[in-house]
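Subject: Structure handover

Hello,

Here is the structure I said I would pass on. Please look at the sequence and the model below; my notes follow.

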Amino acid sequence: MAIIEVANVSKQFGKRREKGGNKEKFYALKDVSLKIEEGEIFGILGPNGAGKTTLLNIVMGIVYHDVGSVKVFSGDVKRGEVVRSIGYVSGEERFHWALTPFDVLTFGGLLYGLGGKERKERTAELLRVFGLEGVASSKFDVLSTGEKMRLAFAYALINKPKLLLLDEPTLGLDPDTAIKVRKEIRRINRELGTTIVLTSHYMREVEQLCGRVAFINKGRIMHVGKVSDIRKKHQNLETYFVEMTKA
Ligand SMILES: Nc1ncnc2c1ncn2[C@@H]1O[C@H](COP(=O)(O)OP(=O)(O)O)[C@@H](O)[C@H]1O
Ligand SMILES: [Mg+2]
């Protein structure tokens with residue numbers, strides 16, 4: 001069953017104003033169609049400014065599209081409730097420096113309306129699952145990059161979402177931490193059965209993690225399919241990606 005169905009979606013923004021210029025519009029997304037199935041790790045691959053974040057924001061109902069239709073869990077996103085049943089992590093995720101992992105997860109539980117007992121249990125479970133028990137009472141500020149990232153994942157999973165959206169989850173991480181984060185992504189998908197959509201501008205990351213991938217450039221989907229099929233067509237995916245982004 002399709003968990004996300006995007007059909008012919010376009011979104012225009014006013015160009016950020018340059019000195020003295022008029023505010024003309026441009027397409028951040030143009031005629032985008034995608035179907036993402038339950039249980040997939042689906043990649044959205046594209047260079048900076050391709051429209052990846054905008055697409056995720058539209059799926060969450062944070063940004064409204066101009067035309068087209070967007071369905072999540074078979075329901076219309078514009079009805080709003082959908083964001084409550086989605087988990088979201090951005091590579092830029094930061095919590096207040098003085099909050100501890102325990103605080104962050106307790107706060108998240110409150111936000112999702114979990115009762116006292118359930119909140120305690122869920123917090124303890126997530127601290128354990130993400131290996132954060134030892135730093136449960138440490139301030140966010142002193143956590144390692146890996147611990148910060150794992151906390152962001154734990155926070156995103158408080159409401160047991162069936163769908164997790166990850167916006168450039170390894171952006172700015174050192175290579176070792178990035179590997180750990182990728183492991184975590186696979187584990188969440190495998191053990192919790194969570195459908196995962198992740199954006200990236202790293203060809204290799206998408207290739208390692210994702211069954212299917214959409215290549216996006218300048219707001220348009222250039223290609224959707226299994227990484228292996230795309231590889232059959234284009235022997236050197238890196239070169240194809242670079243060529244595509246120049247087009
Ligand atoms: N709120 C906004 N107002 C105007 N332009 C925007 C806004 N959000 C994004 N954009 C522009 O839309 C394009 C796509 O942005 P984005 O979706 O963030 O790309 P990506 O995540 O792939 O880097 C970029 O040119 C960006 O500057
Ligand atoms: Mg982005």
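In which strand is the place of N8? N8 belongs to strand β1, which covers residues 2–14. Please keep in mind that this is a predicted model.

Backbone angles

Most residues other than glycine have a negative phi. The phi of N8 is positive, near 50°, and N8 is not a glycine. E168, also not a glycine, has a positive phi of about 45°. E168 is placed in the loop that runs between β7 (163–167) and α5 (175–192).

Is E168 buried or exposed? With a relative accessible area of 12%, E168 is buried, because the cut-off for buried is under 20%. N8 has a relative accessible area of 44%, so N8 counts as partly exposed.

A pair of helices

Two packed helices are described by the angle between their axes and the distance between the axes. For helix α2 (residues 101–111) and helix α3 (residues 116–129), the axes come within 9 Å and cross at roughly 135°. That angle makes α2 oblique to α3. The crossing of α2 past α3 is right-handed.

Which residues make the contact? On α2 they are P101, F102, L105, T106, G109 and L110; on α3 they are R119, T123, L126 and L127. By type, the residues of this contact of α2 with α3 divide into 6 nonpolar, 3 polar and 1 charged.

Regards

How values were computed:
Residues are numbered from 1 along each chain as its sequence is written. Chains are lettered from A and ligands numbered from 1 in the order in which they are written. This is a predicted model: local features need pLDDT of at least 70, side-chain atom pairs count only at pLDDT 80 or more; totals for chains, interfaces and linings use all residues. Side-chain values use heavy atoms; hydrogens and water are left out. Helices (H or I, at least four residues) and strands (E, at least two) are DSSP runs, numbered from the N terminus. Buried means under 20% relative accessible area, exposed over 50%, partly exposed in between (1.4 Å probe, protein chains only). Axes are lines fitted to C-alpha atoms, for helices over the stretch in contact, and angles run from 0 to 180 degrees between N-to-C directions. Angles under 35 degrees count as roughly parallel, over 145 as roughly antiparallel, 65 to 115 as roughly perpendicular and the rest as oblique. A crossing is left-handed if the near helix is turned anticlockwise from the far one by less than a right angle, and right-handed if clockwise. Contact means heavy atoms within 4.5 Å. Ala, Val, Leu, Ile, Met, Phe, Trp, Tyr, Cys and Pro count as nonpolar, Asp, Glu, Lys and Arg as charged, and the others, Gly among them, as polar.
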